[in-house]
Amino acid sequence: MAAMFFVAFLFCGCGDFFHPVKSTPTPTEYEYNYWLLQKTYLFEEELESLSPHGDSVENLYYPRSGLKDWYTRYVPPSNSESASITMNTSIVQGDVGMEYFLDTSSNTLKITGDHPLFIARVYAESPAGRAGIPRYGNIISANDVDLVLAPQDRSGRSVVATYDSILNYSKEISLVVATYESLKVDTFDLVKEDVYAPTVFLDTVAGIEVITIDGFKQTTVNRKAGTFGELKSHLDSTKGEKNARVLNLLNNGGGHVSQCVAMADLFVTDGPLSTQFWRTFNGGGKSVSLSRTTSATPGDAGENHKFVLLVNERSASCAEIFTAAVAEGAGVPVVGTRTYGKGIGQTTWQTIDNGIAIITNLKFLTPKGNTYHGKGIEPDYPCEGAATIACGVEAAKNIYGNGPALKKSASGPHEFITLKKRSSDLGGAFMEGN
């Protein structure tokens, strides 16, 4: 660990004698974090405002009296384990392994008898998956509580709150699920467990395959290769696919750089994928600036196939690294709305007291040397209004099929224009510290 640089030993030779001296005391948590920021933080001009002495590590990072970067933050030891699980894995702790959605449209409620909750996805390797719970089934009750809309709350908020409360505070969950296509109502008794969620999902919409990438995690339902392994397995199994497909990155806030760059390589034959610049420290504890360009290698199953990239204003960070690499490196069209514009990344460091320091020390350029930080990536084919899967499917058909060509962006592909960011958007492009 970098803490070793705070400990100095003096060995003095004088004749036949050595004169030992006391070692420098181990730094406090505050001192270590201060040192780490001085050595690695990307925006060096902000560091002068930090005090080298203090008791509260949180004050180094928040409030932002000195550092202006909202992505640089500190996770105290009490929360570090759960934060590490969230950043590095797709594990959902204490869960049944399924996602749901709320539908309060009048036509739907006529069919369901005012039961608005439906099952969106079921994870195969989970209690719900093993029990055979049907996708798109209508949830009638949970633990004998009827999940019906109250007359005074037609929004469905109370139903969602009730269902979430049951899932949060009960280890054993009994669900009654109706499947209207088969006219079946079944009861499923589940026991919650820690679930490795998938991060790549497959759907077919209007005859077009939609590959949804939720994030870029190192460990997922694919224990060895994470999100990269999930995507590669699917592409390898569909090498002969001739039809157009949608790579859906809507609302994908990012993840690990090693994942998104390796995944981009599955589509790009040769040339650069991404260029990274970062501040770190060398073996002597001296701050250094480094750069690296990662290049593609040929022979992957996603190369020379028909894809479109679907993005929106919440496609950020690692999702933008992936989008830029595949768009500029393989010529894959970008569809949707302008992306978020986060062209910087963070390295995570375990601290002396087992906290986590998350420090912005990286910036990225696209294969063609463009920067999108604070600007976003403008789509080649913009969706009117919000970016949707339906828009991505239409674009795939029109670009690669016989339909009328969509109107291309007047500004041309990949113009980088200013995008106002929100402080609540804390998507990540993470790397592990040494």
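Which elements each supply at least two residues of the lining of the largest cavity? Keep that in mind as you go through these close-ups of a predicted model.

**View 1. The largest cavity and the elements around it.** Here's the reply to the opening question: β16 (272-281), α9 (318-330) and β21 (356-365) each supply at least two lining residues. Helix α9 gives the most, with three. The volume of this cavity is about 30 Å³, and the structure holds one cavity of 30 Å³ or more.

**View 2. The residues that line the largest cavity.** Look for L273 and S274, then I321, A324 and A325. The rest of the lining is made of F364, L365, T366, P367 and Y372.

**View 3. The elements and residue types that line the second largest pocket.** Three elements to find here are β6 (117-122), β12 (200-205) and α7 (226-237), which give two or more residues to the lining. Strand β12 gives the most, with three residues. As for residue types, the lining of the second largest pocket has nine nonpolar, one polar and four charged residues.

Notes: Residues numbered from 1 in each chain as written. Predicted model: local features only at pLDDT ≥ 70, side-chain atom pairs only at ≥ 80, totals over all residues. Heavy atoms only, no water. Helix = DSSP H or I, 4+ residues; strand = E, 2+ residues; numbered from the N terminus. Nonpolar A, V, L, I, M, F, W, Y, C, P; charged D, E, K, R; others polar. 1 Å grid on protein atoms, 1.4 Å probe; cavity = no way out; pocket = protein on both sides within 12 Å on 5 of 7 lines; lining within 4 Å. Points joined across faces, edges and corners; volume = space filled by probe spheres on them.
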